[in-house]
Amino acid sequence: MADDMDRVFKALADASRRRLLDLLYADQGQTLGALAARLTMTRQAVSQHLALLEAANLVATVKRGREKLHYLNPVPIHEIHARWIAKFERPRLDALADLKQRLEGDDDG
Amino acid sequence: MDKPAYVYVTYILTTPERVWEAITDAKISASYWERENVSDWKVGSPWEHRLPGKSPDVVGKVLEADPPRRLVTSWAPPSEPDNPDKISRVAIEIEEMGGKVRLTVTHTDLDAQSLKDVSGGWPAVLSNLKTLLETGRTLPDPYGAVEGHPQE
């Protein structure tokens, strides 16, 4: 559905939100406090970004006791991937991505 | 509850009953998951995840079953079905939400190698299930999904 896809792309169109997804990708199940401590942003700003990511279904949350744990939910990103990348292209694209990463190092785009 | 290793969510325009059937029916599960899920889905019963007609890749028990809302199963490799270090737990929650179904998969107690295997698998399975239930298409390649994508 168009609305769902729009939300995903809008949520991804922000460097801070991409950084939050990077942090969750590296370490799933973090609290708001843990995420805020790793970013130069107020807790309130992080909370707003997380709400936007959750509305786009890019972040899923689980309550554990009094804590709310945040997870990167890659299902919408997989839908984008499946839509435009043909299966036969994947090994070559993986090889190109590996090469680019080796030459340029890790970079947050 | 242990901290889940992964949480996956997808929203599907369908009913909880159809999601439950798609997960628990051997033939339907094989159409979007490649492998069929086989069990009588009673608490305590065994379940298997296998290529149709082959020996299973995953075995386990039904830990909770509340159709069409909640299914919890244990997952283990057939070579070590009782090794506690190899057993993980998958909780599937099916909730109706404003005409859609919110499907949540929570995978807990995974060892590092299984984590790596699973992290590529669930997103493909869930997006293929969504395509199947929303378009009626069966996907020839559950991990490709390109051929089955609806044209716009």
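1. The axes of α2 (residues 15-26) and α4 (residues 43-55) of chain A come within 10 Å and cross at roughly 75 degrees. Axes here are lines fitted to C-alpha atoms, for helices over the stretch in contact, with angles running from 0 to 180 degrees between N-to-C directions. From α2(A), the contact uses A:Ser16, A:Arg17 and A:Leu20, and from α4(A) it uses A:His49, A:Leu50, A:Leu52 and A:Leu53. Contact means that two C-beta atoms, placed from the backbone, lie within 7 Å. By class, that's four nonpolar, two polar and one charged residues; Ala, Val, Leu, Ile, Met, Phe, Trp, Tyr, Cys and Pro count as nonpolar, Asp, Glu, Lys and Arg as charged, and the others, Gly among them, as polar.

2. A bit of bookkeeping. Residues are numbered from 1 along each chain as its sequence is written, and chains are lettered from A in the order in which they are written. As the model is predicted, local features need pLDDT of at least 70 and side-chain atom pairs count only at pLDDT 80 or more, while totals for chains, interfaces and linings use all residues.

3. Stepping back, chain A has six helices and two strands, running α-α-α-α-β-β-α-α from the N terminus. Helices (H or I, at least four residues) and strands (E, at least two) are DSSP runs, numbered from the N terminus. The C-alpha trace of chain A spans about 45 × 35 × 25 Å along its principal axes. Of its 109 residues, 23% are buried, that is, with 20 or more other C-beta atoms within 10 Å of their own.

4. Now, where the chains meet: 20 residues of chain B and 17 residues of chain A take part in the contact. On the chain B side, β1 (6-12) and α3 each give two or more residues, and β1(B) gives the most, with six. That side has 13 nonpolar, five polar and two charged residues.

5. Finally, look at the largest nonpolar core, which has 46 residues; A:Val59, B:Tyr8, B:Val19 and B:Leu126 touch the most other members. Such a core is a set of buried Ala, Val, Leu, Ile, Met, Phe, Trp, Tyr and Cys residues joined through C-beta atoms within 7 Å. Helix α3 (residues 112-135) of chain B gives the most to this core, with seven residues. Beyond its neighbours within four places in sequence, B:Tyr8 has contacts including A:Ala60, A:Val75, B:Trp122 and B:Leu126.

Key:
A residue is buried if 20 or more other C-beta atoms lie within 10 Å of its own, exposed if 12 or fewer, and partly exposed in between; C-beta atoms are placed from the backbone.
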